[in-house]
Amino acid sequence: NNIKMVVNASTLAGAQAVDISADSDNIKWVKENHTKLIVFVSSLSPIMLAQAETWGADVLELGNFDAAYARGKSVSKEEVISLTRELRTLASKNAVICITIPGNLEISEQVDLAIQVQAAGADLLQVENLKEESEYENAKAIIDAVEIPVLLSGRINHSRVEKALATGVNAIGIGNAVNSKQEIHLMVEEIKAAMKALSNNTVSV
């Protein structure tokens with residue numbers, strides 16, 4: 001129910017994309033009822049992501065590291081590179097692949113990883129912000145190092161959008177801010193406020 005409320009709010013507020021789990025029913029429901037939304041599907045499993053492509057996912061996102069962090073675990077560069085290669089092999093030639101760069105790595109390691117996963121076939125990078133008050137230095141460094149589009153997400157609400165934009169990212173994710181709301185009208189307000197901050201820019205939300 002929460003997924004459907006978030007997706008409905010995204011459509012009402014004019015968002016361009018949503019990020020949902022690799023569940024066939026949810027993916028098909030979004031694609032059938034919200035045809036204008038780009039559907040990102042996130043998972044740590046390349047097999048599941050490749051399956052999600054057949055269900056209609058637009059972007060296959062290797063990510064959702066929050067669950068690992070919550071258990072006190074980290075995600076290594078080697079793991080991400082290996083999973084990226086596996087996903088690129090399993091997915092179709094035309095699949096759009098987004099790889100999340102773990103925000104718990106040192107910035108120099110994040111930059112090195114970003115360069116390596118770009119070489120391994122990533123089409124898009126998602127940079128994690130793990131701090132409420134952040135200068136987004138990791139995003140700035142990665143943008144300067146790669147040629148593919150970069151999405152910044154994590155602990156960003158509408159009041160932080162303009163600062164996030166200053167990094168030069170191509171897109172911003174505000175899923176945490178939206179999911180924290182308990183009512184659809186509050187979700188719509190949050191998304192619209194973020195969209196307003198983007199109104200003079202070419203960045204997506």
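1. A term first: Ala, Val, Leu, Ile, Met, Phe, Trp, Tyr, Cys and Pro count as nonpolar, Asp, Glu, Lys and Arg as charged, and the others, Gly among them, as polar. By these classes, the lining of the second largest pocket holds four nonpolar, five polar and five charged residues. The structure discussed here is a predicted model.

2. That second largest pocket has a volume of about 250 Å³. Its lining is made of 14 residues, and Gly103, Ile107, Lys131, Ser134 and Asn138 are the closest to its centre. Two helices, H6 (107–119) and H7 (137–145), each contribute at least two residues to this lining.

3. The largest pocket has a volume of about 1100 Å³. It is lined by 46 residues, and those nearest its centre are Asp19, Glu61, Gln126, Gly173 and Gly175. Sorted by class, its lining has 23 nonpolar, 17 polar and six charged residues.

4. The sheet is open and has seven strands in the order E1-E2-E3-E4-E5-E6-E7, with parallel pairing. Strand E1 (17–21) and strand E7 (171–173) are the edge strands, each pairing on one side only. On average, neighbouring strands of this sheet are turned by 25° against each other, direction ignored.

5. One pairing can be followed in detail. Strand E4 (residues 96–101) and strand E5 (residues 124–128) run parallel and are joined by four bridges. Thr100 has Gln126 in E5 as its bridge partner. Gln126 is also one of the residues that lie nearest the centre of the largest pocket.

6. Which residues form the aromatic pair? Phe65 and Tyr69 do, in an edge-to-face arrangement with 6.5 Å centre to centre and 65° between the planes. The arrangement counts as edge-to-face because the planes are over 60 degrees apart. A search of the whole structure finds one such pair. Phe65 and Tyr69 are both buried.

7. Asn64 is not a glycine, yet it has a positive phi of about 65°. It sits in the loop between strand E3 (59–62) and helix H4 (66–70). Is Asn64 buried, partly exposed or exposed? Its relative accessibility is 42%, so it counts as partly exposed.

8. Tyr136 also has a positive phi, of about 55°, and is not a glycine. Its place is in the loop between E5 and H7. Tyr136 has a relative accessible area of 0% and is therefore buried, the limit for buried being under 20%.

Conventions. Residues are numbered from 1 along each chain as its sequence is written. This is a predicted model: local features need pLDDT of at least 70, side-chain atom pairs count only at pLDDT 80 or more; totals for chains, interfaces and linings use all residues. Side-chain values use heavy atoms; hydrogens and water are left out. Two strands pair if DSSP finds at least two bridges between them. Axes are lines fitted to C-alpha atoms, for helices over the stretch in contact, and angles run from 0 to 180 degrees between N-to-C directions. On a 1 Å grid over the protein atoms alone, a cavity is a set of points where a 1.4 Å probe fits but cannot get out, and a pocket is an open set with protein on both sides within 12 Å along at least five of seven lines; lining residues have an atom within 4 Å of a point. Grid points are joined across faces, edges and corners, and a volume is the space filled by probe spheres set on the points. Rings of Phe, Tyr and Trp (its six-membered ring) pair if their centres lie within 6.5 Å; planes under 30 degrees apart count as stacked, over 60 as edge-to-face and the rest as tilted. Buried means under 20% relative accessible area, exposed over 50%, partly exposed in between (1.4 Å probe, protein chains only).
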